[in-house]
Amino acid sequence: MWPYKQRGIRVSQQELLCKNSCGFYGNPAWQGYCSKCWREKTRPQGTNSQESRPNNDGTPVTFSKFEEKKSAEKGRRIHTMRRLFWGSPSSTKEETSEIDPDTIKAFQSLERGNFCGFIKLLRSPPCQRMQSRCTAFLNTIEAYHSLPVQKQSEIVLDFYQSFATYFNGIPESQIHHVMEHVEKLVMSRLHRWVFCHDSSDDEQRDLTLQRRIRSLNWVTPEMLDVPFPDTPTGVAGDPFLPAITAIIEVDPKRAPQDKLACVSKCCQLIFQALSISNSEPANADDFLSALVYVLLKANPPRLHSNMQYVIRFGLPHSLMAGESGYFFTNLSCAVAFIENLDGSSLNMSPEEFEGYMLRQSAPSAAHRRKHATETTHLLLEKLKSRQESLDRGVEALSTQMTQWMETVTAQLDETTSKFALVQNEINAQTQNSSSAQETDGTDN
């Protein structure tokens with residue numbers, strides 16, 4: 001293993017949680033808040049004070065009335081838009097009360113990931129209202145796809161919350177499973193309209209991040225202090241190759257939960273590779289360093305757009321808690337680390353880092369030589385131990401052969417002596433028999 005260095009990547013568990021201390025995971029895209037706290041923080045102030053009178057804080061009365069009127073007008077527009085998409089709240093309550101309890105139980109009994117079963121159940125006659133509502137929502141979103149992507153995100157998240165009221169009678173974990181099917185149904189169809197939307201700068205950010213990762217292709221695992229196995233594993237010799245493949249598979253997926261599944265798979269494969277490379281259990285620093293290395297090696301296509309797509313249109317509970325939320329938060333931290341990477345993060349001087357960035361020097365050759373030297377030394381040590389083991393085996397075999405020869409010789413001598421005795425007895429009996437025959441012939 002390489003000598004220990006002070007890590008430039010160090011994120012504690014507390015830093016991954018929401019800054020509002022709500023217990024959920026935060027995200028750099030939300031300035032460290034979780035999705036719920038971020039929406040509360042960024043909600044326009046007018047929506048919280050529409051029913052209250054303006055206080056006497058020195059602001060001119062005319063301006064206060066103007067702000068109040070503007071907020072009320074904005075609230076009416078939002079209310080009209082939401083009613084256009086899924087109707088009034090009263091109609092939702094009426095539809096919820098009309099759902100057959102047996103239908104709710106059928107949704108509750110659906111296994112996680114059984115999307116085909118969910119589609120069949122949604123198309124059944126008792127669920128006609130639910131299906132019609134989903135279809136109307138999708139058609140309306142496609143018709144108004146020119147809306148700003150942030151507004152589309154708010155509308156979709158509100159639809160999730162409104163649709164979940166159909167299943168108020170079942171446990172929350174089951175509601176999450178059902179809503180995962182709803183998310184996949186909705187976003188698989190809306191992906192073409194909302195992914196990398198024209199109203200956002202996602203495409204430009206993708207190009208910037210790709211160029212940044214490409215300019216850092218000289219960074220080696222030793223610089224990131226990523227644990228590697230002492231001996232090569234697999235055909236390519238890189239234990240993180242399956243994780244690299246998994247993170248590249250994020251882009252073709254359409255539903256946010258499928259993209260999150262690829263991220264979770266990538267992180268789980270990283271932990272498996274770390275368990276091979278390190279005799280001790282992997283800690284958070286090793287995992288984050290390995291994740292940065294995987295991103296630098298993979299340079300996933302449209303990484304920023306995919307992350308923003310999951311943030312904007314994924315189910316909040318998938319990003320706020322659980323394994324997927326933890327892994328996605330670490331992915332966001334790894335991307336932020338790559339964007340802000342400098343010489344101090346790699347334990348090198350600013351001049352050395354700048355020389356590598358400008359291609360004035362090539363650290364890979366020196367590190368390859370160092371790695372080759374270390375590998376050769378390890379191979380020699382291994383050959384030496386094998387030779388010593390072989391010598392001990394030869395000595396043991398020689399001792400066994402000597403003992404075996406002695407045993408065989410002793411048995412042969414014993415057998416020879418016994419054979420001689422038997423032969424003498426046979427000869428004696430033969431002589432006695434001949435003498436007896438001669439005596440009988442003489443008497444006759």
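This is a predicted model: local features need pLDDT of at least 70, side-chain atom pairs count only at pLDDT 80 or more; totals for chains, interfaces and linings use all residues.
Me: Why are α9 and α10 called roughly antiparallel?
Reply: Helix α9 (residues 149-163) and helix α10 (residues 172-194) pack at about 160 degrees, with axes 11 Å apart. Angles run from 0 to 180 degrees between N-to-C directions, and axes are lines fitted to C-alpha atoms, for helices over the stretch in contact. Angles under 35 degrees count as roughly parallel, over 145 as roughly antiparallel, 65 to 115 as roughly perpendicular and the rest as oblique. α9 and α10 are therefore roughly antiparallel.

Me: Which residues of α9 and α10 meet?
Reply: Among them are Val149, Val156 and Phe163 in α9, and Met179, Val186 and Val194 in α10. Contact means heavy atoms within 4.5 Å. By class, this contact of α9 with α10 has 11 nonpolar, one polar and one charged residues.

Me: What makes the pair of Phe159 and Phe163 tilted?
Reply: Rings of Phe, Tyr and Trp (its six-membered ring) pair if their centres lie within 6.5 Å; planes under 30 degrees apart count as stacked, over 60 as edge-to-face and the rest as tilted. The count by this rule is 16 aromatic pairs. Phe159 and Phe163 have centres 5.6 Å apart and 40 degrees between the planes, a tilted pair. Being four residues apart in helix α9, the two are separated by about one helical turn.

Me: Why is α10 described as roughly perpendicular to α14?
Reply: The axes of α10 and helix α14 (residues 256-277) cross at roughly 105 degrees and come within 8 Å. That makes α10 roughly perpendicular to α14. The residues of this contact divide into two nonpolar, three polar and five charged.

Me: How do α14 and α18 pack?
Reply: Helix α18 (residues 322-339) packs on α14 at about 80 degrees, with the axes 9 Å apart. α14 and α18 are therefore roughly perpendicular to each other. Residues making the contact include Leu260 and Phe271 of α14 and Phe327 and Leu331 of α18.

Me: What pLDDT does the chain average?
Reply: The average is 78, and 75% of the residues score at least 70, on the predictor's confidence scale from 0 to 100. Over residues 48-67 the pLDDT is below 50.

Notes: Residues are numbered from 1 along each chain as its sequence is written. Side-chain values use heavy atoms; hydrogens and water are left out. Ala, Val, Leu, Ile, Met, Phe, Trp, Tyr, Cys and Pro count as nonpolar, Asp, Glu, Lys and Arg as charged, and the others, Gly among them, as polar.
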